[in-house]
Structures are given as structure tokens and as C-alpha cells.
Amino acid sequence: MTEALYYKNTREEHFTASLVEQRARGKEWIALLDRTAFYPEGGGQPADRGSLNGIEVLDVRKEDNNILHFLPKKIESSKVQGKIDLAFRYDYMQQHTGQHLISAALYKKGNYKTVSSYLGRGYTAVEIDVADISEKQVLEVEELCNLIISRNLPVISHWVSSEQAARFPLRKPVPDKERIRLVEIEDFDFVGCGGMHMDHTGEIQLIKAVGREKIRGRLRLHWQIGKRAFNDYQNKHRTVTDLCKELTCSSEELLPGVIKIKEELRSQKQSNAVLQDRLARYIADSMLAAARDISGLKAFLHLFNNEEPELVKKIFDNLLESGRTAACLVNNCSGELQWHAGSSENAGLPLKEIIPPLLPLIEGRGGGKGNRWQGIGRDISGVQDFLKGVEQGILENRIESLK
Ligand SMILES: [Zn+2]
């Protein structure tokens with residue numbers, strides 16, 4: 001049985017112990033000590049981080065009454081110096097004690113029972129036994145939590161029997177065991193727990209509700225707790241300050257300002273689309289006026305440079321809708337080629353015979369159906385040969401169809 005030091009002093013960084021047993025498992029070594037300050041994983045709280053004789057501890061687990069340390073290599077001495085990563089532990093003690101407080105406040109405010117909790121690296125989540133609660137109720141719970149923090153109430157552990165446990169006003173039933181650890185937030189909450197806790201609620205610092213998700217018909221509330229909540233406030237404050245500077249407004253004016261910008265943007269997009277339609281028609285008309293005739297078919301073979309892709313597509317559509325036409329338009333967008341090839345319905349060009357053999361000229365790919373094909377290409381040096389190839393294909397097929 002390992003003597004657990006972590007309950008006696010939660011802030012002890014260094015400890016000494018004797019090696020009791022050590023064995024290899026795969027690439028890892030499992031070390032058993034006579035005593036340890038390493039908290040093993042449990043109750044949603046991760047195992048402590050730290051080192052034994054300078055060797056990083058990868059994991060700590062409790063099996064029966066033994067606490068096992070998982071290491072990347074063997075401990076060479078029977079005397080062991082342990083070191084705990086207190087910053088990591090302190091963060092999770094804040095999260096875990098904060099979670100007690102949130103669950104208690106949810107219970108007191110609406111009789112909501114905690115079904116499960118999750119202590120992650122980014123946030124702490126508490127899942128409750130109802131499908132939804134209002135934002136107002138969440139804020140009331142948040143306020144109660146921060147009131148209890150400000151009162152700096154002691155957090156007390158009681159080791160009791162099941163019989164003794166029954167005399168406490170427990171928030172939820174405890175298992176029927178010989179020794180049960182009850183954790184009390186003085187006169188506010190009583191619950192069975194084997195985890196690591198702050199000594200006073202004031203050390204939780206701050207609790208803020210930051211999100212919610214619905215999962216399996218229940219509600220999961222997300223929280224920022226302790227130093228994390230403070231960091232979250234700093235980050236959000238910086239973001240709001242930067243946005244206010246960018247928009248030259250106060251934080252109160254930020255939301256209406258962003259809504260107004262979004263509306264203006266939507267309206268500008270609409271008028272841009274109308275103008276683009278007109279421009280596409282205008283360009284297509286001027287191209288039609290200068291079109292080359294290939295055996296009764298107006299042919300357009302054109303290279304655009306860094307043109308709006310949507311505009312090129314609209315010009316292409318306009319050309320194909322203008323009588324007996326065939327078009328191949330390539331847009332060179334900073335080295336990436338976008339191509340459209342097609343013919344009007346009545347032109348009778350077999351594009352699937354003309355286009356695929358020409359694609360290697362531009363390292364291209366793409367496809368299409370019937371009289372409209374499109375794709376991309378990577379080799380700008382082959383564009384003129386590609387366009388000439390399409391022209392040749394049109395010419396040959398027109399001669400063929402006129403025979
Ligand atoms: Zn606990």
C-alpha cells in the first residue's frame with residue numbers, strides 16, 4: 001500500500017521515498033514507491049506531472065491500494081527524489097474545486113443535477129440532467145459561484161463511514177464503502193470526492209460561463225475557471241480594444257457597428273453582381289463584334305490575366321448564348337490557370353474528343369458534360385499551344401461537319 005502524501009499537503013513540491021518495486025512493461029517502467037506526492041488520475045482530474053530522480057513521470061494510476069508511476073526508463077537508486085509540477089496541479093485544483101462550486105450552485109438554483117464533468121486543457125464542462133436552461137439562469141449560477149468565491153469559505157475534507165456520511169446533507173449519494181472522503185464547501189456543499197481541492201473558495205479566483213452545447217438530450221455548460229478565466233478576460237479585452245480601434249468606436253457601439261458593416265457589405269455585393277453582369281455582357285458584345293469566323297461558327301480563343309474568375313465565367317456564358325459560337329477562355333490567376341471551353345448547343349462540337357488530348361500542354365485537368373467543360377492548369381508556357389490546339393480542333397470538326 002502506497003502512502004498518499006498529496007492529501008496531507010497539496011502544495012508540497014518535493015518529497016523523498018524508497019523504491020519498493022520496479023518492472024518493465026513494453027517500453028515503459030512501472031515504479032512502486034513506499035510513499036508518493038503524485039496524485040493518480042481519478043475523478044476527472046488528470047494525474048500529476050513531474051519527475052522521479054529527474055526522470056519524467058508519464059502517468060500515475062491507482063491500482064488497488066498501490067499508486068503506480070509510469071516512466072520512460074528505469075530508476076537506478078533505491079532512494080527516490082520526487083518533484084511535482086505544481087503549476088499544472090494548481091490549475092487542475094482550481095478547475096476541479098470550481099467544478100464542485102458550479103455543480104453546487106446549479107443544484108441550489110434549479111435543482112439541476114450534474115451528470116458528468118470534463119476538465120480539459122481549454123475549458124471545464126459540466127453536464128446537467130436537463131435539455132436546456134435559460135441564459136438568465138446560467139448567469140444567476142455564475143453570480144452565486146462568484147459570491148461564494150468572494151466569501152472565501154473553507155473547503156474541508158472529512159473521512160467518514162457510510163453511516164456517518166448519511167448524516168451530512170449530501171448533494172448526491174455516496175458509494176457504500178468503509179472509508180468515504182466527503183468534501184465540504186463550508187455549509188454550502190457536501191459531496192463524496194477523492195480529488196484535489198483548494199483550501200478556500202477564494203483561491204478559485206473567478207468563474208465565468210463561456211458556452212453551451214446540447215448533447216444526448218442534455219445540456220453541457222462550458223466554463224473558464226481561475227487563472228484561465230482571468231487570461232480569457234485579458235484576451236477578450238485585447239480583441240475588443242483592437243476591434244474598437246479598427247472601427248473607431250466604443251465597445252458599446254461595436255455590435256451595431258459590425259451589423260451595419262455586414263448589411264452594407266451584403267448590399268454592395270448585390271450591386272457588384274449587377275454591375276458584373278453588365279460588364280460581362282459589354283465585354284462579350286465587343287468580343288462578338290471582333291469574332292473570328294470558322295466555317296460559319298464564331299470562335300473565341302482568349303487569355304485573360306488576373307481577371308475576376310466570376311466575370312470570366314459570365315463572359316463565357318454570354319458568348320455561348322450568342323448564336324452559333326465556340327469559346328475557349330483561359331484566366332491566368334497569378335500562375336494558376338482556370339479554363340472554360342464550350343460551344344453553343346447547336347454548334348455540334350465533340351468537346352470530349354478535342355479537349356482531353358490538349359490538357360497535358362498546360363499540365364491541366366478538369367472535365368465537363370455536353371457542350372461545357374472547365375478546369376485548371378499549372379503550366380502557363382503551354383497556354384498559346386493549348387488555345388491553338390482548341391482552334392485547330394474547331395476547324396477540323398467544322399470541315400468534317402460540312403462534308
Ligand atoms: Zn472533488
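1. The model is predicted. The protein is divided into domain 1, covering residues 3-84, domain 2, covering 90-234, and domain 3, covering 278-402. The centres of domain 1 and domain 2, taken over C-alpha atoms, are separated by 28 Å. Eight residues from domain 1 and 10 residues from domain 2 take part in the contact. On the side of domain 1 that touches domain 2, three residues are nonpolar, five are polar and none is charged.

2. Strand pairing around β3. Strand β2 (residues 14-25) pairs with strand β3 (residues 28-33) in the antiparallel sense, over six bridges. Within this pair, Glu21 stands opposite Leu32 of β3. The two strands β2 and β3 form a hairpin with two residues between them, and Gly26 in the turn has a positive phi of about 60°. Strand β3 also pairs with β8 (residues 66-71), again in the antiparallel sense, over four bridges. Here Ile30 stands opposite Phe70 in β8.

3. The six-stranded sheet. An open sheet is formed by six strands in the order β17-β18-β19-β20-β22-β21, with mixed pairing. Because β17 (292-294) and β21 (365-369) stand at the edges and have a single partner strand each, one side of each is left without a neighbour in the sheet. On average, neighbouring strands of this sheet are turned by 15° against each other, direction ignored.

4. Helix α6 (residues 309-320) lies across β18, β19 (325-333) and β20 (336-343). The helix runs at about 170° to β19.

5. The nonpolar cores. Which residues of the largest nonpolar core touch the most other members? Among its 30 residues, they are Ala327, Cys328, Leu329 and Val390. At least two residues of this core are supplied by each of α5 (251-289), β18, α6, β19, β20, α7 (351-354) and α8 (383-402). Leaving aside neighbours within four places in sequence, Cys328 is in contact with Leu301, Trp339, Ala341, Leu387 and Val390. A second, separate core of 26 residues includes Met93, Ala125, Ile207 and Leu221.

6. Asn331. Apart from neighbours within four places in sequence, its contacts are Phe304, Glu307, Pro309, Val312 and Gln338. Asn331 and Lys313 are 18 residues apart in sequence, and their C-alpha atoms are 9.7 Å apart in space.

7. Lys109. This residue is found in helix α1 (residues 86-110). With 16 other C-beta atoms within 10 Å, Lys109 is partly exposed. Leaving aside neighbours within four places in sequence, Lys109 is in contact with Gln137, Glu140, Val141 and Leu144. Lys109 and Glu213 are 104 residues apart in sequence and 20 Å apart in space, C-alpha to C-alpha.

Technical notes
Residues are numbered from 1 along each chain as its sequence is written. This is a predicted model: local features need pLDDT of at least 70, side-chain atom pairs count only at pLDDT 80 or more; totals for chains, interfaces and linings use all residues. Two strands pair if DSSP finds at least two bridges between them. Axes are lines fitted to C-alpha atoms, for helices over the stretch in contact, and angles run from 0 to 180 degrees between N-to-C directions. Two residues are in contact if their C-beta atoms, placed from the backbone, lie within 7 Å. A nonpolar core is a set of buried Ala, Val, Leu, Ile, Met, Phe, Trp, Tyr and Cys residues joined through C-beta atoms within 7 Å. A residue is buried if 20 or more other C-beta atoms lie within 10 Å of its own, exposed if 12 or fewer, and partly exposed in between; C-beta atoms are placed from the backbone. Domain bounds come from an automatic or database domain assignment. Ala, Val, Leu, Ile, Met, Phe, Trp, Tyr, Cys and Pro count as nonpolar, Asp, Glu, Lys and Arg as charged, and the others, Gly among them, as polar.
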